[in-house]
Amino acid sequence: MIWSRAKLSPEVRLLLDGERLIEVLPSAARARALSRARAALAAGVATRPIPSRAPSAVRWAAAAGLICAVTVAVGAAAYEVGLRARPTAPLVAQSPGGGLPASHGNARARPVFDLPATPVLGAKQTPSGAIGVRLELRLLEQARAAVAREDFVLAIQLLADHAHRFKRGRLAEEREALRVRALVGLGRRKDARRAAADFEASFPRSPLLSTVSQMLDSAP
Amino acid sequence: MSLDDACLGAFQQELDYVHRSFQRLGVMSFEVDDLTQDLFVALRRSWSEYDPTRPLRPYLFGFAFRIAAAHKRKRRREVAVGIGSEVDDMGPGPDEQLQSKQGRAMVLAALARIPLPRRAVLVMHELDDVPVAEVASVLSIPPFTVYSRLRKARRELQAGIRRLLKKAGGE
């Protein structure tokens, strides 16, 4: 122990000493965790045997086989599509906004106020993309709930957190609209007006523009 | 006392520690509840193998580390919830409570920049006072690796905190 702490400066040790103290959880969080644990016991989930895992060599072989099969299938499909598309669909005929699926555009335009509790993910989305969207949604839902509770300080923090992690996220438009609402709620009219102007500049065709404008009008 | 009761009792007793361990391991605050539940399920499944003569916290931390690592692999990127913003948002204040909170946030922020395997060793040894041999046993790594990770992690922590202090002092 002495050896291991030898190189930590006194101020870092002091900070570490402060972090040693384990804070007591709020009673609601504690009750929730225990209730979930009891429910798991009652459902038998916690005592269900863990499924035995195949040896790693078998798993690697299976994974390699699967990758080969998928590669062949994708290659064949691409070849087939290429053959069909070549005579009828020249590249120049693509729309100027090509590459962005229509569903993506819809997702951007969808106001956060109508978002479902759990995200609906398209089959074509990659797992990381889906997880990213889910994380975005969770953060924005928390921010929206904070706004609904009129806890605007927390809402601003959550929105800043979202902006930090997902600067150009799919829900950036909704985030900026919520920021205007939170700033209005805090009585920071000047900041709210600036945020609204930024919003208009960034999303000139947003369906949320009128909502943002109403938010400013409703400011005290 | 049945296995269920014993396991639930131990879980209840160390619930605060489990929560804090997940935070120290960089789990986002809104995900801690779900991972705590995962930990309970894993703990109950292995409870018959637990040796009650050994300390419980390192045993729990082993679960927390594996669950957090699997979770991190799943989402492929790690974010420490609110940690960065917490440090950024809190200006210096005379209140001791605020200072203590700020200090803790600073430690978490510095920890968040250390890769998970090294961070786990650092947290166990420096914060939970777990001896190196026990850390090696819980994380299933040789003691030499524990020492090596510890050395690097301490350097990273030191540098991280220095950077944060400098930033806080400059604002």
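Glu126(B) lies in helix α7 of chain B, helices being DSSP runs of H or I of at least four residues, numbered from the N terminus. With 23 other C-beta atoms within 10 Å, Glu126(B) is buried; the term applies when 20 or more such atoms, placed from the backbone, lie within 10 Å of a residue's own, while 12 or fewer make a residue exposed. Its C-alpha is 9.1 Å from that of Leu150(B), a residue 24 positions away in sequence. The model is predicted, so to speak of local features pLDDT must be at least 70, and side-chain atom pairs count only at 80 or more, whereas totals for chains, interfaces and linings use all residues. Residues are numbered from 1 along each chain as its sequence is written, and chains are lettered from A in the order in which they are written.

Turning to the interface, 37 residues of chain B are in contact with 35 residues of chain A, contact meaning backbone-placed C-beta atoms within 7 Å. Helix α3(B) supplies the largest share of chain B's side, eight residues. Other elements giving two or more residues include α7 (116-127) and α9 (143-170) of chain B.

In chain A, helix α9 (residues 189-202) has 14 residues and spans 20 Å from first to last C-alpha, close to the 20 Å expected, which is 1.5 Å times one less than the residue count. Ala192(A), Ala195(A), Ala196(A) and Phe199(A) are buried there. These residues sit on the same side of α9(A) because they cover an arc of only 100 degrees around the axis, taken from the directions from the axis to the C-beta atoms. They pack against α8 (172-186) and α10 (209-217) of chain A, while the face turned away carries the exposed Lys190(A) and Ala201(A).

Conventions: Two residues are in contact if their C-beta atoms, placed from the backbone, lie within 7 Å.
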